[in-house]
Amino acid sequence: MKLPKLAIDNPQFTVIIFILLVLAGFSSYLTMPRTENPSITSPGASVVVIYPGTSPADLEQLIAIPIEEAINELEDVKEISTSIKDGLVSIGVEFIFNTDAKEKYNEVVAKVNDIKTGLPEDIFSIETFRWLTGDVNILQLAFVSNSAEYYEMEELADQLKMEIEIIRGIRKVELHAYPEREIRVSLDVEKMSQMNISIDQVAMAIQGNNANIPGGSIKLGSKSFTIKSSGSYENLDEIENTVVSSYQGRIIFLKNIASVEFNYEDEKYLGRLNSNRAIFLTVQQKDDFNIFSIMKDVNPEIEEFKSSLDSEIEIITVFDQSVFVDQRINGFITNLLQGIFLVGLVILLALGIKSSIIVILAIPFSFLIGLAFVDYMGFGLQQMSIAGLVVALGLLVDNSIVMVENINRFLGMGYSKKEAAVMGAKQIAWPIVSATVTTVLAFIPIIMMKNQAGDFIKSLPVTIISTLTFSLLIALTLTPLASSRILKLPEKGNKKAGFKKILNSIIEGPYRKSLNFALRNRLLTLLIALSIFIISVWFFINFVGVSFFPKAELPQFMIRIEMPEGTDIDRTDEVAKYVESVIDTIPLVKHYATNIGHGNPRIYYNVFARNYNKNFAEIYVQLKEYEVKEFDRLLESLRLFFAGFPGGKINIKEFEQGIPIQAPVVVNVIGNDIKILKRISSDVEEFVSDVEGIINIDNQLNKTKTDLNININREKANYFGVPLIEIDKIIRTCISGTAISKYRDSKGKDYNIVLRLPVNEKIKLQDFEKIYVRSLSGKFIPLKHLTDIGFDEAPGLITRLNLKKYARITADIKKGLTLDEVLIPVVERLENYNFPSGYSYEIGGELENRQESFGGMFQAIIIAVISIFAVLVLQFRSFTQPLIMFVAIPLAFIGSIWAWYITGNTFSFTAFVGLISLVGIVINNSIILVDYTNKLIQEGKGIMDAIKLACETRFVPIILTTLTTIGGLLPLTLGGGTMWAPMGWGIIGGLITSTFLTLIIVPVLYRLLGGQRPKS
């Protein structure tokens, strides 16, 4: 290879190129987006339809099934799931992962628009949302006051909203947890019936007097004038004085049959902060922006706005993602610096000051140049990319260590500094290229994984590949150049000292004896190694648990309150206040935000906010600090305290890392009859609840509610000439209210003009007696003459999966337990359960995602092994020698298995990533060993002499590269929490066993299988 000589012969050009590359990397480091977690673009969309006052059964037929059938016509649909509850339909469609997310979203929108005309005309809203894991609020503020009116708080929040949303990098600012104001037109329907005035007449009168139709323009002389005739309402008096009809020769104004006033819509979402009334403001950032840069602009605006407030309203920060991002990134940066220190210390002790300086130069250069590429690929600084830097830390110096060690060896042979640099680099160049390529090939298949887990972790292999690639470039150019200038010729008689002396004594003592014994007893050595491998695999299957992603380990959690279906928001609020009283007694709590009737705004990437639901409340709790044992004790004590709460469920939800899943434990029961599904789901819920360690069990189908059923007597309605649709419309208008027009005030804010009964508080049964309907002849008939009122029990929720009804039972797992431990007993009982014909079950949740992700990882590891084998066959022109090198892989797995067991870690997704990393890492030692043995044989040495000399010569660089990799990983492994410990211990354990066993087993196999002279 001529590249090292080219760099040495052109030092000025080489230095300038690297200066430019480093500057580009430094610029990227300063401008890269910084977030807590990577964003995942999921190919999917949700269609949410709000149709107040409609039962789940009616919604299924009128809305859910038509939309499902339309969406099902699209290509690449993976799953369609539907949730139907009173007045609300939510349909989620997930597409195969490798499809174009934007294109599929547009197709869903087009399908929904195509069938809108076939849906009921009086639907309140129908909206389509694209799934975005990155669509998370980075900031949540609370406007807190117990005395100010909601509209006053809203106006202030809206002012701050307008100030924030114009800041560069802000995607969206929203307000939550306040009732909208409306113009309430409270009708006296009894008086209206006496005057023969229908609700339609009132609506048409208001709409007709609230028009703003342009009159065109007229040209007078040289000027043009816009013609303006009537206009919209300018105040409430104008609304009150609207003429609606005439009666007995008198004009009837709206004020004669109704009261008109500002009022609030019915309560559906209440918010509090620390038990005080509040509304929330949330902020989302755009992709590819630095959260710290955004908050640097946002915070001064907030502080300035706070200073302008009076004491009646206070602004408090509920959640600030930048704080957690800063903590997370600082933690990784600390691990990285600690790793750099350990790597530098190992190199310094082993190679001396000058050699260590040359090697350590590769670290900042590789990092900075690599980050430029990471930035170019569209990734930012978050836990995955920084973890990639930590993993790469110990690997990226390997090439420079081997290069410097070989150059030093040539210096010891008497060559000049330049000659030693050129010849030493030339001899080792292709082996380190092959070693780097094999490592890179191990990570490339992870990038190619076509699932959410692969997308979630993609920035880690991209970061490792980029830094390793540039570390190879540095080792082939800058390292030989620096060596030719900095290294000095060894003094004659200079003996090795310190760490070098220790390594040398190991080579000449225990290692030489062990190698000689192994070469003499080759079959026995291989049999021992095989036995250790088989025992380790058996131990892994029986004693090392399997998991997916761990807990988030953050000082925050959710308390979820689920009341029986049909519970009104006031009762849910009472229970929320009870929970607040308990939270107030916990000294560790910093603050908490209560959401009644809705979930807390989305603040974590894989936790989605629950939509409007009167029987649901969610409390976001933030603690002053996070300490593992104290945090676990607190959550366990709260679970025990709320376990026996009567009349509802109070669950404690801890945030988890990884891809979004509905729950760790998910059992889907599929069938057609809702009653049978309900019975089966109750049995399955019992199976799940009987297992120790399963918590937060939820069976949404096992929730019924009582409906007030207004049965229309069709014969009477036909006899009196009253269309059924008129009865439905009048009931809806009087009880729920109907928005018929808009009123715009002087500030440009719009308010709905709503017709309804004059209900002061809650609707009573007696109110139905006040309702009259108009017949085709113009007469008004009391509603009670046409209907019977009764109470019917109805399902509170209907769920559908892929166009079929189903029941879903979900649950969480206590910390410290694995999914398999709790799920196996459940599956055993399900297998023995007598399902009726046409009914079956499926396991979803973590198991489904784990199987999909681990399946992708298995494919990745197979692709990596085949790719690495192909490269080695190309380099060594042999099938046998690559197989010899591949023995390092099972030898590495031995160490990983025992490392996981000893440290108490499970085989998780990140552990699997570590395993794939090992495939590329451990084979490097074999490459260096076999390549040098081949060279010695080509030079004429006997096979035994060549094996022994190669092993002893490469012992030091192999040990050093192992120690640097371990040193770089150790801080992340010890301080990275449950997310990174499995990966770190897996790589460290695998490196330890593979390094020492490779130095014994590879020579033995080479003697048995690879003794022939390789082709030149």
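This is a predicted model: local features need pLDDT of at least 70, side-chain atom pairs count only at pLDDT 80 or more; totals for chains, interfaces and linings use all residues.
The protein contains 33 helices and 30 strands. Its C-alpha atoms occupy a box of roughly 125 × 85 × 55 Å along the principal axes. Of the 1016 residues, 54% count as buried. Asp 58 and Gln 382, for example, are 324 residues apart in sequence, and their C-alpha atoms lie 46 Å apart. Asp 58 belongs to helix α3 (residues 56-71) and is partly exposed, with a relative accessible area of 43%.

A total of 33 salt bridges was counted. One of them joins Asp 9 to Lys 418, with the closest N and O atoms 3.3 Å apart. This pair links distant parts of the chain, since Asp 9 is in helix α1 (residues 3-9) and Lys 418 is in helix α16 (residues 417-447), 409 residues apart. Both partners are partly exposed: the relative accessibility is 33% for Asp 9 and 46% for Lys 418.

Salt bridges also connect strands. Arg 560 pairs with Glu 618, the closest N and O atoms being 2.7 Å apart. Here the link runs between distant parts of the chain, from strand β16 (residues 556-562), which holds Arg 560, to strand β18 (residues 616-623), which holds Glu 618, and the two residues are 58 residues apart. Arg 560 is partly exposed at 22% relative accessibility, whereas Glu 618 has a relative accessible area of 3% and is therefore buried, the limit being under 20%. A further salt bridge is formed by the side chains of Lys 653 and Asp 812, at 3.1 Å from N to O. Lys 653 is in strand β19 (residues 649-654) and Asp 812 in strand β29 (residues 804-813), so that distant parts of the chain, 159 residues apart, are linked. Lys 653 is buried at 14% relative accessibility, and Asp 812 is buried at 8%.

Glu 149, Glu 152, Glu 155, Asp 310 and Glu 312 form a negative patch. Within this group, Glu 149 is located in the loop between β5 (137-144) and α5 (150-165) and is partly exposed, at 38% relative accessible area. A positive patch consists of Lys 354, Lys 417, Arg 485 and Lys 488. Arg 485 lies in helix α19 (residues 478-486) and is exposed, at 54%. A nonpolar patch of about 660 Å² is made by Phe 13, Val 15, Ile 16, Ile 17, Ile 19, Leu 20 and Leu 23. Leu 23 is part of helix α2 (residues 11-31) and counts as exposed at 53% relative accessibility.

Backbone geometry was also examined. Helix α28 (residues 845-876) has 32 residues and should span 46 Å at 1.5 Å a residue, which agrees with the 46 Å between its end C-alpha atoms. The helix is followed by Arg 877, whose phi is positive, near 50 degrees. Most residues other than glycine have a negative phi. Gln 248, which is not a glycine, has a positive phi of about 55 degrees. Gln 248 is in the loop between β10 (243-247) and β11 (250-253) and is exposed, at 66% relative accessibility. Asn 274 likewise has a positive phi, near 50 degrees. Asn 274 lies in the loop between β13 (270-273) and β14 (276-285) and is partly exposed, at 29%.

Terms used. Residues are numbered from 1 along each chain as its sequence is written. Side-chain values use heavy atoms; hydrogens and water are left out. Patches are made of residues with over 30% relative accessible area and no salt bridge: like charges are joined within 9 Å, nonpolar side chains (Val, Leu, Ile, Met, Phe, Trp, Tyr) within 5 Å. Accessible areas come from the Shrake-Rupley method with a 1.4 Å probe; for residues, only the protein chains shown count as cover. A salt bridge is a side-chain nitrogen of Lys or Arg within 4 Å of a carboxyl oxygen of Asp or Glu. Lys and Arg count as positive and Asp and Glu as negative; His and the chain ends are not counted. The place of a charge is taken as NZ of Lys, CZ of Arg, CG of Asp or CD of Glu. Helices (H or I, at least four residues) and strands (E, at least two) are DSSP runs, numbered from the N terminus. Buried means under 20% relative accessible area, exposed over 50%, partly exposed in between (1.4 Å probe, protein chains only). The expected span of a helix is 1.5 Å times one less than its number of residues.
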